[in-house]
Amino acid sequence: MKNIIFLLICVYPFLSLSAQDVSYRTIENIPYRTSGDPYQKERCVLDIYYPENVTDYPTVVWFHGGGLVGGEKFIPQELKNNGMAVVAVNYRFMPKVHIGECVEDAAAAVAWTFNEIEKYGGNPDKIFLSGHSAGGYLISLVGLNKEYLARYDIDADQVAALVPFSGQAITNYEHRKTMGIPSYEALVDEYAPIKYVRKDAPPLVIVSGDRNMELFGRYEENAYFWRMMKEAGHKETYIYELGGYDHGAMAAPAFHILKNHMKQILK
């Protein structure tokens, strides 16, 4: 009985919205950075999917994967009809831009969400950052290196939680490749999320595929990331290894973990 009661408490924030007659709207290709640069104008856009007739709901800012060289924004099916908003972000790619500009795009999209979500009915205190692969890498870096959001007068610790799906914790391999560093050689520089380990960070929920099926030792670098956050004194760092799932397939079951942690944080 205790387990049943706990389950009901955990899911309540979402059930209270889902049980209503909620309609959802999607607005596409909203610019979040504006300049005279045609490439920035093309790529620095986002979509927002949100419940129209409720307020105070949580938001997931979702970054697609693609190794920082490809990919396209989308609203994950697993996050639809769950009483939340989803902001799906496009960003610029290497080698057309430096890796730092990819991260700056991610920060600008997160800042847009903090500044604009109330206009759509959402609560800026309930913003979660998540993404798969390169997307997970970007949200980890933006959420841990406070300098990126500080440029927009936003404290990164306002983020409700960081939930990277199979993101890199060391410096992204595409950036390493441009420097002539092979995929099996680690680098921790200013573009490595693990460089910014700190005990006062938002909750961090790391999700990885099977260690024997993942890319480039992805599970192992994330396990080290988890351990160093713990060593730094961070109390809310978690790691999940999805046995039997490779790098691409792990995203679908990882959404279940994301939603469960959102329920626990929001209860």
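## A buried serine in a loop

You'll find Ser-166 in the loop between β6 and α6 (173-178). Helices (H or I, at least four residues) and strands (E, at least two) are DSSP runs, numbered from the N terminus. The phi of Ser-166 is near 50°, a positive value in a residue other than glycine.

## What you're looking at

This is a predicted model, where local features need pLDDT of at least 70 and side-chain atom pairs count only at pLDDT 80 or more, while totals for chains, interfaces and linings use all residues. Residues are numbered from 1 along each chain as its sequence is written, and side-chain values use heavy atoms, with hydrogens and water left out.

pLDDT is the predictor's confidence in each residue, from 0 to 100. Its mean over the protein chain is 93, and 93% of the residues reach 70 or more. Residues 1-13 are another story: pLDDT stays under 50 there, and the model has nine contacts for them beyond four places in sequence (a contact means heavy atoms within 4.5 Å). Where pLDDT is low, the predicted coordinates should not be read in detail.

Now for α3 (residues 99-116) and α4 (residues 134-144): their axes come within 9 Å and cross at roughly 75°. The two helices are therefore roughly perpendicular to each other. On the α3 side, the contact is made by Ile-99, Cys-102, Val-103, Ala-106, Ala-107 and Val-110, and on the α4 side by Tyr-137, Leu-138, Leu-141 and Val-142.

As for α4 itself, eleven of its eleven residues are buried. What covers them includes β3 (57-63), α3, β5 (122-132), α5 (147-150), β6 (161-165) and α7 (218-231).

Most residues other than glycine have a negative phi, and most peptide bonds are trans. Phe-216 has a positive phi of about 45° although it is not a glycine. Phe-216 sits in the loop between β7 (204-209) and α7 and is partly exposed, with a relative accessible area of 41%.

The peptide bond from Met-94 to Pro-95 is cis, with omega near 5°. Pro-95 belongs to the loop between β4 (85-89) and α3.

Methods. Axes are lines fitted to C-alpha atoms, for helices over the stretch in contact, and angles run from 0 to 180 degrees between N-to-C directions. Angles under 35 degrees count as roughly parallel, over 145 as roughly antiparallel, 65 to 115 as roughly perpendicular and the rest as oblique. Buried means under 20% relative accessible area, exposed over 50%, partly exposed in between (1.4 Å probe, protein chains only).
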